[in-house]
Amino acid sequence: MNRRKFLKHATRTSLLPAMLHGTGLAAFAKSPLYRSLYQSAEDTDRVLVLIYLGGGNDGLNTVVPMDQYAKLNAARPTVILPESSLLSLSGVNNNKLHPSLTGFRNLYDDGRLGIIQNVGYPDQNYSHFRSTDIWMTAADSDEVLPTGWLGRYLNTEYPNFPVDYPNEDVPDPLAIEIGYNLSVAFQGPVAGMGMVVGDPEWFYQLVNDVDEETPDTKAGEKLEYVRLITKQSQVYGEVIREAAARVSQQASYPQTELAEQLKIVARLIAGGLKTRLYMVSIHGFDTHDSQVLQGDHTQGEHANLLRELGDAVEAFTKDLKQLSISDRVMGATISEFGRRIISNGSNGTDHGAAAPMFVFGEQVAGGIYGNNPVIPVNPEVNDNLAMEVDFRSVYATLLKNWFCTDESALQSSLPGNLDLLPIISSSACLSTSIQDRNKHAGSSYVDVYPNPVVDMARVEFTGSGEYLRIDLVSQSGVILKNVIQGRFSREKHVATVPVHDLPAGLYYVRYKDRHITQSKSIVKY
Amino acid sequence: MMAEGRLSSGIEPFSGTWTQQHMLHLLRRCSFGVSKSQLDYFSSLSLEESVDTLLNSAVAPSLPVNDYNSADLSDPDVPFGETWINETNRDNPDLVSARIVSLKSWWINNMLQETTSIQEKMLFFWHNHIVTQSWDIFWPHLTYQHFELLRKHSLGNFKELIREVTLDPQMLLYLNGALNNREVPDENYARELQELFCIGKGPDANFTESDVQEAARVLTGHSIDWEAGGTYLYRGYWHDEGDKQFSSFYNNTVITGKSGDAGKDEVDELLEMIFDNNEVASFIVRKLYRFLVYSHIDDATEMNVIQPLAEIFRANDYEIMPVVRTLLLSAHFHEEANRGAQIKNPLDFLLGFWRTFGVKMPEEATVRNRYEIRSSMLWTMSNMGLEVMDPPNVAGYPAYYQFPSFDKNWITTDTVTNRALTTDSFIYWGFWSQNVLTTVDLLQHLSERENVSDPYGLVDELVMLHLGHPVSETIRERMVGILLSGQQNPGYWTGAWYEYVDNPTDDMKRMTVEIRVKVLMQFLLQLSEYHLI
């Protein structure tokens, strides 16, 4: 039994606390040894990596329903892939993959890829922006939410964030996104709950301590100084640098943008960063034209994108294996919509509706879920694939069976009754002491009981000596009731707020003074 | 690394093409952030018209009033809404504190509301040059009078300004002149009059310790009447009637001692003597240059800018306006290399945000709420290292004197974090004060941009308006990428924008635009370039 396994075992059987008790827990808890032991224990923490396929991926040319092939041939003549070019999947008769997806084919044949067919949501919106927001916030088609599904989830796991974060218990970013900006998916009720790594170049500048060039001018010299101090003030810069430094050997990756991003993710996970959520992206799936080459439909923009995707993910999974972290990392693809059934005159496809989603990892129950889409015999220009699986069901499955959230946290992240899918093999969820510690990390200024609540919520809060107000806020950010306001001494106070008149659902109790904002979610039954 | 200016330009009038970039540079340096009304007003003016407008359009502000009454504190002497500036009673420290904050927030409001004049920026310059501290004096009507004195002369005559400051109760209290008497002379003001206010500590500032002592003797007797609200009072019996002998730095001047009321006039002889020294003009011009143009003065700048301006200053008998006018019109001021070469002070940063984004106080905000909002701004800027009317010491804010770091002093890991938290909070939430939330209407700000429907044009316009320095192509692409959510087709933004404009009450269409705009603005405001003007 190696040290890591021992600790894993120890945590599970409460051996570790007993052992620590013998040496004086309080003193030991502060010692570097304790921290290193705990860090190793926390290596068992699970990670989810989301890959955003920006632009709306053409599902019908990605996972081809072979029983519909003839109808597809008629409906989308300008993009159809030759039957002979398609990749077969082991043990599957009804579906084949795009010829560029050899990476995904290998993963599938290895039992590490799940394909969920016809994922979408009711009443499809065809705007990129709006549909992306729906996928990121997990809103209904006609609902506007200011928070993201992962932001809400992180708020339940780390309810005191951002007050006194980072801290000894949670020193690392809660989520990391590589890309333009922090997606609304990570927007919590109070703050963005993730950190953005601008792009791989930014990452290597940070890790290698290289600074962005500034011109040799008066303004350039001032700029350089501001950048330097800003860098020093970035609390998470150092932990990322340290994590990256712990990993010197990685498997080889293709020279593509997506592969570069995933390579960084693998390095940070293996480097011991306790961040559990990552998002990376690959853009360009909005293939209205030149999706395929006129003369060879197996080539073109879509083929390049899928090759980049499949090869990067395959390299990533190999690397995870080599880094011995593959059993605790799962990945999934998301895209704002699929594309239209019929092709257009520019060798492309227009915005559509449902499309397949991919999940990958050691713990994925490989296979194809759901039925093949049914293509109408003479499809109209506006015909789209019907949704069979709500994307929020996939999210809920990941939260419940991968992150092992309890029912109330699940309801806070994704309200409603969502079906779970059998896409994860090890659904044996262990409640760990880590989760408890996470919930207590940072300083708590407000708590609310009972949760879920029916009639009357009891709000316990700590005054700050400054003017503060506590409000009951809806999911969409509207103040529904003021719980209390005024100046309160720096001790515990209690207030109550009746909630019997509110519809069932998710709400926030929000504490705010000049310096501190904190929100605790509460579920009304 | 110190970038050496390779500038040979001087005070000759700028003769290049007058562009919007030039205009923004001028306005940024002469006000606390460029407002939309400024942009509209100045865009049709030439450089000369712009500068003359800046110098000649000052409007006197209304009086500070009791806006601080609350449930906890009620002023027994001054009704709510009436001015307190004639109130000298200081028995209740809570009340005095409220008036001090009221005065500070009143000034902050004047800066916020300033339209076309350089007045408030010049007032800040003099406040930083001729320093007093309001909490130290703790007699707010005197602080008010002191600032009105600075305002009156902010583009007037420097010699007259110094003369009045010398006899100003706030200064007499601050640098102990009020207690300066023949028995135990207090040298404090006499020293700073020379070292900080007039002569400086330059290589040619060779006044002696004895000059400090002799000046202190001249100034004995100028005091205040504590019993009469701190009004100026000359105490002839405190005056040192002996002769005062100055050093060779002052041409061995002797000020003959006078008795009775005549002793009072020795101060004029003292100031004549000081202002006869060439160093005064050079010292003030250097300080103005650092404030309006750039922190470091190399040999070429000393020769081509500082000395010619000092000559103008002397030739005009220390009138300030001709110096500032010449500088603002000069080829040197408008050199591209001087753009973005300053780090924003907290006023530029916070009030600049307010003004450039056109932030309005909530309509429902009461007079008291407005007081709270402005005091919240005061404390926010204090967390960034600047509390107006209370520089850290008599030398002023280190950003304007501390060699060699100068304006870099504004930026520490602490203040840069506070700056980012302030703008983040503004973008996502609003500006918090005791009872009301002040929000920024980003979509209104966007709709005022000429190129709002074109993501590239919009980003370029926002960069030019908000940033003191251009950004790299990578950063530009990233900002466009935020607006497009990574899509390549710029039309997606155009479409989303017009959908919102055509359906302004449709929440979904508004949010679709707003989500992206907020992220863009957060990104833009966290760029290091945002800290430059």
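Reader: B:L462 is found in helix 20 (residues 455-466) of chain B. What makes this stretch a helix?

Author: Helices are DSSP runs of H or I with at least four residues, strands are runs of E with at least two, and both are numbered from the N terminus. This is a predicted model, in which local features need pLDDT of at least 70 and side-chain atom pairs count only at pLDDT 80 or more, while totals for chains, interfaces and linings use all residues. Residues are numbered from 1 along each chain as its sequence is written, and chains are lettered from A and ligands numbered from 1 in the order in which they are written.

Reader: Why does B:L462 count as buried?

Author: A residue is buried if 20 or more other C-beta atoms, placed from the backbone, lie within 10 Å of its own, exposed if 12 or fewer, and partly exposed in between. B:L462 has 20 C-beta neighbours inside 10 Å and therefore counts as buried.

Reader: Which residues does B:L462 touch, leaving out those up to four places away in sequence?

Author: They are B:R449 and B:L524; two residues are in contact if their C-beta atoms lie within 7 Å. B:N451, 11 residues from B:L462 in sequence, has its C-alpha atom 9.6 Å from that of B:L462.

Reader: Is A:Q249 buried or exposed, and how do you know?

Author: A:Q249 has 8 other C-beta atoms within 10 Å and is therefore exposed. A:Q249 is found in the loop between helix 11 (235-245) and helix 12 (257-270) of chain A. The C-alpha atoms of A:Q249 and A:H98 are separated by 32 Å.

Reader: What makes chain A as compact as a globular protein of its length?

Author: Chain A has 16 helices and 19 strands. Its radius of gyration is 25 Å, close to the 24 Å that the globule rule gives for 525 residues, so chain A is as compact as a globular protein of that length. The radius is taken over C-alpha atoms, and the rule is 2.2 Å times the number of residues to the power 0.38. Of the 525 residues of chain A, 50% count as buried.

Reader: Why are helix 18 and helix 23 of chain B called roughly antiparallel?

Author: The two helices pack at an angle of about 165°, with their axes 10 Å apart. Axes are lines fitted to C-alpha atoms, for helices over the stretch in contact, and angles run from 0 to 180 degrees between N-to-C directions. Angles under 35 degrees count as roughly parallel, over 145 as roughly antiparallel, 65 to 115 as roughly perpendicular and the rest as oblique. Helix 18 and helix 23 of chain B are therefore roughly antiparallel. Among the residues that meet are B:A420 and B:I427 in helix 18, and B:M521 and B:L525 in helix 23.

Reader: Why is helix 13 of chain B termed oblique to helix 14 of chain B?

Author: Helix 13 (residues 279-292) and helix 14 (residues 299-315) of chain B pack at an angle of about 120°, with their axes 8 Å apart. That value makes helix 13 of chain B oblique to helix 14 of chain B.

Reader: How many residues does each chain bring to the contact, and which helix of chain B gives the most?

Author: The contact takes 43 residues from chain B and 33 residues from chain A. Helix 23 of chain B gives the most to the side of chain B that touches chain A, with 8 residues.
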